[in-house]
Amino acid sequence: EQPELGGQLVLTDGAASIPALGLRHRQAEAELVLSGNTIRVNRAAVTSGSGTVTVTGSAAVTDLTDPTLDLRLQARDFRLIDRRDLLTMTASADVTLRGPVSGATLTGRGVASRGDLFATDLLEKQVVNLADTMFAAYVDTTVLRAEGAGSLAAVPFVRALQIDTLRFRLGSDVWMRSSEADVQLAGDVSVIKRGDEYRLNGTLAATRGLYRLQLGPAVKRDFIVTRGEIRFLGTPDLNADLDIETQHQIRSSRGTQMTVNAHLGGTVYQPRLTLSSDVQPPLSETEIVSYLLFGAPSVQAFGEAGGNQGRFVFEQSVDRFASVLAGEIERSLINGLGVPLDYLQIRPGEVSRGFSGTEIAFGKQLYLLGKPAFLVASPRLCSEQLVSTRNVGASLEFRVTRKWLIAASVDPLRACEAATAQALTRYQLGWDVFWETSR
């Protein structure tokens with residue numbers, strides 16, 4: 001009942017696999033000194049990914065079945081988890097773990113530098129009430145939710161662990177991914193755990209990304225995330241308020257351009273999607289859906305006569321198929337095959353011109369001068385010259401500090417159909433300086 005410890009334990013070049021985390025820890029080293037009822041950690045370190053965590057401190061063994069911990073853990077670019085069906089995360093942190101093993105408390109702060117949260121779908125729902133309307137033959141009105149992601153098996157230590165305001169800041173390369181969305185997140189959150197209940201507080205910004213709006217089983221449209229916030233409410237169900245703005249550019253059947261705005265509001269458990277456009281006078285959501293489906297208002301889409309109707313329906317059917325195929329390719333390359341890209345969007349060109357004008361935009365997080373930057377290249381495929389440097393656009397965002405951001409872009413001045421025309425200027429250039437502050 002009163003153990004007396006003595007001796008020394010040295011571990012060199014150890015390794016361990018943790019299947020539940022998808023990890024293989026290696027280069028484990030430790031030197032423990034046992035004296036009286038105390039185990040002192042002179043040094044301990046383990047490598048995961050390209051980073052290391054070091055542990056210092058002690059454990060008091062007044063009770064052999066329930067030692068009391070007093071440890072400090074310092075992680076640098078340490079791979080915490082690598083589960084592509086749930087979460088991948090690399091972080092740096094400085095935390096303490098104190099108290100009995102049967103109920104230790106974790107506190108501190110850290111930075112999640114890289115990671116992917118593979119979330120269940122936020123939305124797979126009807127945009128407006130499409131039942132018993134002209135769209136019933138084209139749109140599945142059943143509301144679906146994807147099967148939830150698996151959870152890690154809880155061990156007694158984790159179940160009993162208490163978390164007292166563990167503060168985490170998301171770095172410049174953390175993404176939320178699902179079959180519907182690839183959204184880059186930034187901001188600060190605090191984690192609290194009592195028993196089996198987790199609570200999150202804080203606001204995350206949606207800085208960029210794609211949202212794939214599913215209008216039916218064979219119709220998807222890619223919306224570009226322009227801004228957004230996810231505000232956690234500190235409730236045990238981990239619910240959060242949504243406020244995300246996205247845009248989609250449409251070329252109508254008459255060749256005019258229009259912008260459709262999709263606002264994702266409500267909460268994670270009860271999301272609400274509203275549609276608007278830049279057309280004046282304002283269009284109803286039903287008419288906006290018609291433009292998204294057919295590139296034309298409902299009267300034109302269903303009122304074409306004779307041969308024009310058949311050609312119109314055929315071209316729109318091919319366009320829908322191309323959009324669905326492009327979306328599946330995007331999702332499979334990034335989420336399924338793990339292609340090292342953070343952003344991928346395929347915008348099919350017009351059917352009537354053999355898909356000339358198809359644009360492929362791909363982006364990657366990188367670092368310049370030790371600062372985070374995001375580079376997007378967008379080559380455009382033209383029938384006259386399939387690949388040409390004259391048809392490649394690019395943009396670069398460079399974050400100087402947490403509040404200051406510089407953005408620059410270069411884009412071809414001419415459309416594909418004007419590629420053979422003579423012009424003095426081939427590109428248009430632009431740059432912006434942003435100052436961001438919390439509200």
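This passage walks through a predicted model of a protein, from its overall make-up to a few of its local features. Residues are numbered from 1 along each chain as its sequence is written, and side-chain values rest on heavy atoms, with hydrogens and water left out. Since the model is a prediction, local features need pLDDT of at least 70 and side-chain atom pairs count only at pLDDT 80 or more, while totals for chains, interfaces and linings use all residues.

The protein has four helices and 20 strands. Here helices (H or I, at least four residues) and strands (E, at least two) are DSSP runs, numbered from the N terminus. Of its 439 residues, 39% come out as buried. Buried stands for under 20% relative accessible area, exposed for over 50%, and partly exposed for what lies in between (1.4 Å probe, protein chains only).

Helix α2 covers residues 285–294 and is mostly tucked away, with eight of its ten residues buried. The buried ones are E287, I288, V289, S290, Y291, L292, L293 and F294. After α2 comes G295, which has a positive phi, near 75°.

Next come the charged pairs. A salt bridge is a side-chain nitrogen of Lys or Arg within 4 Å of a carboxyl oxygen of Asp or Glu, and a search of the whole structure turns up 13 of them. One of these joins E29 to R43, with the closest N and O atoms 3.4 Å apart. This pair links distant parts of the chain: E29 sits in strand β2 (residues 23–36) and R43 in strand β3 (residues 38–48), 14 residues apart. E29 is partly exposed at 37% relative accessibility, and R43 is partly exposed at 35%. Another salt bridge runs between D82 and R79, where the closest N and O atoms are 3.5 Å apart. D82 is partly exposed, at 30% relative accessibility, and R79 is also partly exposed, at 22%.

In the salt bridge between D182 and R212, the closest N and O atoms are 2.7 Å apart. That pair, too, links distant parts of the chain, with D182 in strand β9 (residues 181–194) and R212 in strand β10 (residues 197–216), 30 residues apart. D182 is buried, having a relative accessible area of 4%, and R212 counts as buried at 2% relative accessibility. Salt bridges with shared partners tie D116, R177, D182 and R212 into one network.

Strand β13 (residues 257–266) is where T259 is found. Seven of the ten residues of β13 are buried, so the strand is largely enclosed by the rest of the structure. T259 itself is buried, with 12% relative accessibility. Its side chain makes a polar contact with the side chain of Q249, at 3.0 Å. (A polar contact is a pair of N or O atoms within 3.5 Å; within protein, one must be able to donate a hydrogen and the other to accept it, and residues adjacent in sequence count only if both atoms are side-chain atoms.) Leaving aside neighbours within four places in sequence, T259 touches Q247, H248, Q249, S276, S277 and D278.

Two strands pair if DSSP finds at least two bridges between them. Strand β12 (residues 240–251) pairs with β13 in the antiparallel sense over eight bridges, and H248 stands opposite V260 in β13. Strand β14 (residues 271–277) also runs antiparallel to β13, and seven bridges join the two. P271 in β14 is the bridge partner of G266. Together, β13 and β14 make a hairpin with four residues between them.

Finally, there is a nonpolar patch on the surface, formed by V400, W404, I406, W431, V433 and W435, with about 660 Å² of accessible area together. Patches consist of residues with over 30% relative accessible area and no salt bridge; like charges are joined within 9 Å, and nonpolar side chains (Val, Leu, Ile, Met, Phe, Trp, Tyr) within 5 Å. Strands β19 (404–412) and β20 (427–435) each supply at least two residues of the patch, and β20 gives the most, with three. W404 belongs to β19 and is partly exposed, with a relative accessible area of 43%.

Definitions and conventions: Contact = heavy atoms within 4.5 Å. Areas by Shrake-Rupley, 256 points an atom, 1.4 Å probe, with all protein chains shown as cover.
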